[in-house]
Amino acid sequence: MYQIRTYNKISDKGLSRFSKDQYNVGEDVGQPDAVILRSQKLHNEPLPESVLGVARAGAGVNNVPVEEYTKKGIVVFNTPGANANAVKELVLAGMLLGSRGILQGKDYVNTLGDMTDAGEMSKLLEAEKKRFAGSELAGKKLGIIGLGAIGSMVANAALALDMEVLGFDPALSVEAAWRLSSNVRRMESVQALLSQVDYVSLHVPAIEATRNLINAETLSVMKPNAVILNFAREAIVDASAVVEALNAGKLGQYICDFPEPCLIGHDKVVALPHIGASTAEAEENCAVMAANQLMDFLENGNIVNSVNFPHTVMARGEGGCRITFTNENVSGVLGNVLSVFAANNVNVIDMVNKSRNDVAYNILDLAEKPSEDVIAALKAVEHVISLRVI
Ligand SMILES: NC(=O)c1ccc[n+]([C@@H]2O[C@H](COP(=O)([O-])OP(=O)(O)OC[C@H]3O[C@@H](n4cnc5c(N)ncnc54)[C@H](O)[C@@H]3O)[C@@H](O)[C@H]2O)c1
Ligand SMILES: O=C(O)CC[C@@H](O)C(=O)O
């Protein structure tokens, strides 16, 4: 039986992918082979040595100590694009909240609970509604920083709303470029983008290069009425610099999915409780994708959508036994492993060897299962980090 530990509320549609006769799944699983989670922070949570893979049912992996796990040979997966539509829709809602007096108008109407005369109420509302007038999105400039799964969807939707869209993404993937409308104007720097836009939406991962991407300096080039939308991560925006800019009349509004104490109650802030991906559809998509990836990894050794290991897939063939191993990405390791097979008359039928940064990953199909001594000799090869017999 494979053991899967879960953190957070993972959609049943995903968890039911794990067949009951092959998988034991739950929050209290003691010696897990794999972990599936959403936003649980794993940085200070020691994982048992038994863990081979960690699947983030979502896009961001800043809650997982990826570098540390890579050194241990733990494969980290995410679910690219699986919740992108949910985030896109909330960003659109965020832009509408920023452009019209929707929340303010609703709050005002709710103060009229003591009125009993409908005619009086109607007269009052018609007199007061000018306080809640807004402007349209059509014709406004939206800047998007990060044009991956979410950013490209937001860009295309904004174009459909007749907005002018400017984008910045120095590492745009080919797939993302294919998804993106050619009407998005490419900008060469964050500053150039920020200085022109009425709205800016952030869709970059929280990594060292994007920490406090929005700060006092970058804020200083923005239009005084501009609206920042942050549905990416807290760490990307210096919230105290944002509050200062809002208070000084140098920024229009801040609309985000990441409340911080300094933002609470500010009348130019709309802060939501990290619900960008909280739709039934997104939760299901992420959970199903994460579960499928984990099953393929545990049962076949295949690696799809990992953030730290190379994409490695080999169809199951005639072999009687499959071995996978991870090694430090230095020369000679594969040769030394194959020498162990040769010295012990083990026939390798098929194999694939891929590398990514400091790690290499290998799948080998063998004619038959090698002896325990051979497996021990393989594990002892210098620079081999971990090895499984499937
Ligand atoms: N609010 C939520 O619930 C929610 C849900 C999903 C994702 N997210 C966040 O949104 C982020 C983006 O998600 P995605 O699915 O679009 O990911 P993605 O990987 O498809 O896209 C990220 C894009 O950012 C670009 N990028 C990286 N560094 C950059 C930089 N310094 N400047 C400009 N562009 C840069 C990449 O090239 C890539 O195209 C995630 O990492 C996650 O933190 C939040
Ligand atoms: O699981 C969630 O609710 C949030 C997921 C989101 O932050 C992500 O990075 O995909």
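Author: Ile145 has Leu202 as its bridge partner in strand S9. Strands are DSSP runs of E of at least two residues, helices are runs of H or I of at least four residues, and both are numbered from the N terminus. Strand S6 (residues 141-145) is joined to S9 by four bridges, and the two run parallel. Helix H6 (residues 149-160) packs on the sheet and touches S6 and S7; the direction of H6 makes about 170 degrees with that of S6. Such angles run from 0 to 180 degrees between N-to-C directions, with axes fitted to C-alpha atoms, for helices over the stretch in contact.

The model is predicted: local features need pLDDT of at least 70, side-chain atom pairs count only at pLDDT 80 or more, and totals for chains, interfaces and linings use all residues. Residues are numbered from 1 along each chain as its sequence is written, chains are lettered from A and ligands numbered from 1 in the order in which they are written, and side-chain values use heavy atoms, without hydrogens and water.

The sheet is open and has seven strands in the order S8-S7-S6-S9-S10-S11-S12, with parallel pairing (strands pair if DSSP finds at least two bridges between them). Strand S8 (185-186) and strand S12 (269-271) are the edges; each has a single partner strand, so one side of each lacks a neighbour in the sheet.

Leu202 also touches Leu213, Phe231 and Val237, among others, not counting residues up to four places away in sequence; contact means heavy atoms within 4.5 Å.
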